[in-house]
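Welcome, and thanks for taking a look at this one with me.

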Amino acid sequence: MQSKLVHAAERKAFSAVIDQIIKAGSGEDREKNIDHLVDMATKLLKDSVPGAAKGMRTALYPGSKWEQWIFRVIDETDPNVLKTAVLNGAYEAAFRGYRDTIANAEEHQCNVPWIVIFDPTSACNKHCVGCWAADYEKTLNLTYDEMDSLVTQAKALGTHLFMLTGGEPLVRKKDVLRLAEKHNDCLFNIFTNASLIDQPFCDEVKRLGNLVFSVSLEGSEQSNDARRGDGSYDEVMAAFDLMHKNGLLYGTSTAYTRLNTEVVTSDEYFDKIIEKGCRWAWYFHYMPVGEGANADLMPTIEQREYMIDRIRTVRGYEGGKPIFAMDFQNDGEYVGGCIAGGRIFCHVNARGDVEPCVFIHYSNANIKEMSWEECLHQPIFQAYRENYPWNKNMLRPCPMLENPGILPRIVHEANAKSTEYVAPEDVDHLCSRTAPYARAWQPVGDRIWLEQHPTGVKEYGNDVSGKSAKERAERIEADDKKNAAVLD
């Protein structure tokens with residue numbers, strides 16, 4: 001009871017601060033209030049993101065691109081959506097939730113994710129080339145009660161940020177809205193192709209306020225429709241216009257491949273999505289996972305290096321573009337490397353299997369058979385916890401893509417089973433596809449990392465692995481030797 005009262009009081013205080021921030025950024029004198037706005041915002045994040053104050057003060061000053069970005073978000077977003085999304089995202093997830101997940105990880109001696117990604121359904125009205133879910137069986141679903149139970153149990157351990165993938169999550173539109181309404185202290189980020197977004201749905205999103213959207217887009221009309229089907233680009237543009245008109249919060253989600261890397265990062269592409277009201281741009285390195293996966297679609301080593309510089313330039317304090325661009329693979333250093341296996345996130349597929357990552361389909365647990373805490377204690381997650389990090393170079397963060405000697409060992413040690421829907425795949429076979437890429441990327445990634453971090457090591461304030469520095473160093477050294485044997 002005492003804890004609930006403290007939570008309610010704390011949430012109320014944060015709500016009042018957010019109201020002040022929005023007010024300070026809305027009035028005629030808002031440019032004069034920017035310092036006050038930064039002061040309030042950094043207070044919200046100082047405990048969970050220690051470097052927030054310095055970064056925000058560098059980025060936000062009168063006339064800066066990020067000041068203008070914030071003002072546009074305030075001006076163009078529905079008031080309930082803006083207030084609820086910030087309150088649930090900044091307070092429940094980033095401040096209170098992150099703090100609670102770390103504490104519970106220590107108490108329960110297992111990784112407790114800050115983010116849970118789950119698939120309401122395997123069904124999709126598209127069949128996109130290179131999508132990890134493209135060959136999923138289309139009849140699998142999590143029931144509403146199963147999704148509700150998952151969110152409820154995850155919240156009890158501190159998780160308040162949920163990302164919905166698939167399949168196409170909005171095939172289950174009614175249940176998604178029902179879930180968001182019940183769990184109105186959570187933020188739900190829907191990864192969608194946007195073809196099912198209409199005015200009645202937008203009306204519900206405005207009423208609820210706690211749903212945001214990451215829309216699949218692959219560049220120009222030609223490059224997008226070549227992967228996602230004729231007419232897909234026009235569907236997305238129409239959805240952007242509708243969401244912008246209704247004041248929703250949304251960005252893009254893009255898989256970059258050998259065929260589209262330059263197109264999806266061009267000035268023209270960024271200018272278009274900014275014009276359409278996108279606030280962020282997620283980028284995901286193509287992974288050769290699933291039935292018929294084609295390793296030839298992976299970006300070249302030169303494209304990978306280009307992406308590091310391009311995305312950081314785009315979101316820089318100066319120049320670039322007024323959109324927050326994130327590269328899931330190349331931004332590993334900002335989150336301490338691999339975030340899977342429950343360290344920061346994990347994935348639940350439409351069958352209920354609890355997987356380390358949306359790209360790594362091996363598991364010992366299912367939410368239909370175990371409690372959420374039992375799922376987090378499953379052997380493969382404990383193997384992730386024990387073995388993380390795979391090496392000192394956070395530009396080589398993935399145990400499958402850049403460290404193909406690591407994933408097979410931990411999958412075998414955990415006796416985890418393949419959870420591929422169509423054709424279960426042996427982990428050794430999977431990693432044999434990524435080994436040539438890993439060999440080619442290692443010297444380039446190491447060169448770039450040492451240029452940025454001459455000691456070869458970047459220290460982090462938070463470590464939820466529960467191991468000492470000495471134990472981590474010993475594990476990294478052992479894994480480096482085993483991984484080298486695969487790459488030689």
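A polar contact here is a pair of N or O atoms within 3.5 Å; within protein, one atom must be able to donate a hydrogen and the other to accept it. Please keep in mind that this is a predicted model.

1. **The overall picture.** Let's begin with the whole chain. The protein chain has 17 helices and eleven strands. It holds 488 residues, and 59% of them count as buried. Looking at contacts between residues at least 6 apart in sequence, 73% join residues at least 24 apart.

2. You will find tyrosine 388 in the loop between helix H14 (379-387) and helix H15 (406-414). Tyrosine 388 has a relative accessibility of 10%, so the residue counts as buried, the cut-off for buried being under 20%. What does the side chain of tyrosine 388 reach at 2.7 Å? The backbone oxygen of glycine 336 lies at that distance. The side chain of tyrosine 388 also makes a polar contact, at 3.1 Å, with the side chain of arginine 343. Along the sequence, tyrosine 388 and arginine 343 are 45 residues apart, while their C-alpha atoms are 9.1 Å apart in space.

3. The peptide bond that joins tyrosine 388 and proline 389 is cis, with omega about -5°. Proline 389 has its place in the loop between H14 and H15. As background, most peptide bonds are trans.

4. Glycine 167 is placed in the loop between S2 and H7. Glutamate 168 lies in the loop between strand S2 (161-164) and helix H7 (173-182). Is glutamate 168 buried or exposed? Glutamate 168 is buried, because its relative accessible area is 2% and the limit for buried is under 20%. The side chain of glutamate 168 reaches the backbone nitrogen of leucine 170 at 3.0 Å.

5. **How H15 meets H16.** In general, two packed helices are described by the angle between their axes and the distance between the axes. For H15 and helix H16 (residues 427-452), the angle is about 170° and the axes are 9 Å apart. H15 and H16 are therefore roughly antiparallel to each other, since angles over 145 degrees count that way. On the H15 side, the contact is made by Leu407, Pro408, Val411 and His412. H16 contributes Val427, Asp428, Leu430 and Cys431. Sorted by type, the residues of this contact are six nonpolar, one polar and one charged.

6. **Aromatic pairs.** How many aromatic pairs does a search of the whole structure find? The search finds 19. One of them is formed by tryptophan 66 and tryptophan 69, an edge-to-face pair with 5.6 Å centre to centre and 70° between the planes. Both tryptophan 66 and tryptophan 69 lie in helix H4 (residues 65-76), three residues apart, or about one turn of the helix. Tryptophan 66 is buried, with a relative accessible area of 8%, whereas tryptophan 69 is partly exposed at 21%.

7. Phenylalanine 284 and phenylalanine 328 form a tilted aromatic pair, 5.4 Å centre to centre with 40° between the planes. This pair links distant parts of the chain, 44 residues apart: phenylalanine 284 is in strand S6 (residues 280-285), and phenylalanine 328 is in the loop between strand S7 (324-327) and strand S8 (345-348). Phenylalanine 284 counts as buried at 14% relative accessibility, while phenylalanine 328 counts as partly exposed at 25%. One aromatic cluster is formed by Phe191, Trp282, Phe284, Phe328 and Phe345.

8. **Two positive phi values.** Most residues other than glycine have a negative phi. Glutamine 109 has a positive phi near 55°, in the loop between helix H5 (79-108) and strand S1 (115-118). Glutamine 109 is partly exposed, with a relative accessible area of 39%. Alanine 194 also has a positive phi, of about 75°, and is found in the loop between strand S3 (187-192) and helix H8 (199-208). Alanine 194 is buried, with a relative accessible area of 2%.

Notes
Residues numbered from 1 in each chain as written. Predicted model: local features only at pLDDT ≥ 70, side-chain atom pairs only at ≥ 80, totals over all residues. Heavy atoms only, no water. Helix = DSSP H or I, 4+ residues; strand = E, 2+ residues; numbered from the N terminus. Buried < 20%, exposed > 50% of the residue type's maximum accessible area, 1.4 Å probe, protein only. Axes fitted to C-alpha atoms, helices over the stretch in contact; angles between N-to-C directions. Parallel < 35°, antiparallel > 145°, perpendicular 65-115°, else oblique. Contact = heavy atoms within 4.5 Å. Nonpolar A, V, L, I, M, F, W, Y, C, P; charged D, E, K, R; others polar. Phe/Tyr/Trp six-rings, centres within 6.5 Å; stacked < 30°, edge-to-face > 60°.
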